[in-house]
Amino acid sequence: MKFGVVVFPGSNCDRDVAYVTRDLLYQSTRMVWHEETDISDLDVVVIPGGFSYGDYLRCGAIARFSPVMQQVLEHAREGKFVLGICNGFQVLTEAGLLPGVLMRNRDLHFICDRVPIKVESTNLPWTQAYSPEQIITLPIAHGEGQFYCDQQTLSQLETNGQVLFRYESENPNGSINNIAGICNRQGNVLGMMPHPERASDARLGSTDGLKLFQGLLKRVEALAQL
Amino acid sequence: MLRKFKAHVYVTLRPSVLDPAGTAVQSGLQHMGYEVEQVRIGKYIELILTAGNENTAREQLERMCDQMLANTVVENYRFDLVEVAIEMGGAR
């Protein structure tokens, strides 16, 4: 399975993601510069956290028009996997691959914390390695993580089981319905504010995030055996 | 011939969307003794563009706003447009 990690000017979690996929999971991984126009070799594209283009105008608003994003749209259209973490989630909503928007946190501060997250649905590759309703702990680090969408979109997300991760017990940023991560209708595009890549190496205290990547690998292995 | 236009673009939060930053500013103003009922914070963007005529300039601006300058999920926009003279003889 081949991973690509998109690097925008201002991305800062790119190497953390590559560390997980390459060094912990031994998967072929390459960094994808934002000006690249061919990513057809990749199975999974990860848009990492950071401050792409300095978060100017709105988080993700300028990154969305990078040359590589056209390719990411095509990659998603083909049903291949796209994961957006934190700033990556913001980029995916701006690009229209996921609905809604990430707004300034309710209490206006940047939050850097570890928070309990409930894994909602486990019938997708992203979450299949977790048990249903499992509560995990993941780091969050964001100033604009308040998920918002209109009521109609919200009820579609809920009805279709597109909410994969929800803040448990306390809502840190004011997200509507405590939403921490959603996927698209087809399930191949996931955006989440928590950082699974920062909770993947046991030496750093937690492996709660590693299962997300492992679930993805299981899926691809299953496909390979067909 | 291309003409030059200056646009003032105002991006504001939709009325249905909460503005915690605006609320914080409102409370600050109230602490100063002003009877402020509501504060909503938006963005103001100035840009200069060239286009064949005013209609084309307006169409271009609409697209810029829809595609990048505003996120219409939570924001509204409006703009004013004025034609400015093209300076002859190069830049000063």
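This is a short walk through a two-chain predicted model, chain B first, then chain A, then the contact between them.

Some ground rules. Residues are numbered from 1 along each chain as its sequence is written, and chains are lettered from A, ligands numbered from 1, in the order in which they are written. Because the model is predicted, local features need pLDDT of at least 70 and side-chain atom pairs count only at pLDDT 80 or more, while totals for chains, interfaces and linings use all residues.

Chain B. What does it contain? Two helices and three strands. Those are DSSP runs, H or I of at least four residues for helices and E of at least two for strands, numbered from the N terminus. Read from the N terminus, the order is β-α-β-α-β. The radius of gyration of chain B is 18 Å, well over the 12 Å from the globule rule for 92 residues, so chain B is more spread out than a compact globule. That radius is taken over C-alpha atoms, and the rule is 2.2 Å times the number of residues to the power 0.38. The C-alpha trace of chain B spans about 55 × 30 × 15 Å along its principal axes.

Burial next. Of the 92 residues in chain B, 13% are buried. Buried means 20 or more other C-beta atoms within 10 Å of the residue's own; exposed means 12 or fewer; partly exposed is in between; and the C-beta atoms are placed from the backbone. Now contacts, meaning C-beta atoms, placed from the backbone, within 7 Å. Take the contacts in chain B with a separation of 6 or more: 72% of them join residues 24 or more positions apart.

Now the sheet of chain B. In what order do the strands sit? β2-β1-β3, an open sheet with antiparallel pairing. Pairing here requires at least two DSSP bridges between two strands. Neighbouring strands are turned by 25 degrees against each other on average, direction ignored. Angles run from 0 to 180 degrees between N-to-C directions, with axes as lines fitted to C-alpha atoms, for helices over the stretch in contact.

Look at β1 of chain B, residues 3-13. It is joined to β3(B) by 10 bridges, antiparallel. Nine bridges join β1(B) to β2(B), also antiparallel. Lys6(B) faces Val82(B) in β3(B) and Ile48(B) in β2(B). Further on, Tyr10(B) stands opposite Arg78(B) in β3(B). Helix α2 of chain B, residues 54-69, lies across β1, β2 and β3, at about 150 degrees to β3(B).

Over to chain A. Nine strands make an open, mixed sheet: β2-β1-β3-β4-β11-β10-β9-β6-β7. Its edge strands are β2 (28-33) and β7 (135-142) of chain A, each pairing on one side only. Strand β6 (111-119) of chain A pairs with β9 (163-167) of chain A over three bridges, antiparallel. There, Val119(A) is opposite Phe165(A) in β9(A).

Helices of chain A. Helix α2 (67-77) of chain A lies across β1 (2-7), β2, β3 (44-47), β4 (81-85) and β11 (189-192), running at about 125 degrees to β4(A). In α1 (14-24) of chain A, the buried residues include Asp14(A), Val17(A), Ala18(A), Val20(A) and Thr21(A). Seen down the axis of α1(A), the buried residues fall within an arc of 155 degrees, so they line one face of the helix. The arc is that of the directions from the helix axis to the C-beta atoms. Just after α1(A), Tyr26(A) takes a positive phi of about 55 degrees.

Loops of chain A. Leu108(A) sits between β5 and β6. Its phi is near 70 degrees, positive in a residue other than glycine. Leu108(A) counts as exposed, with 12 C-beta neighbours inside 10 Å. Asn178(A) lies between β9 and β10 (179-183). Asn178(A) is not a glycine, yet has a positive phi of about 60 degrees. With 19 C-beta neighbours inside 10 Å, Asn178(A) is partly exposed.

Last, the contact between the chains. How many residues does each chain give? Chain A gives 12 residues and chain B seven. The chain A side divides into seven nonpolar, one polar and four charged. Nonpolar covers Ala, Val, Leu, Ile, Met, Phe, Trp, Tyr, Cys and Pro; charged covers Asp, Glu, Lys and Arg; the others, Gly among them, are polar.
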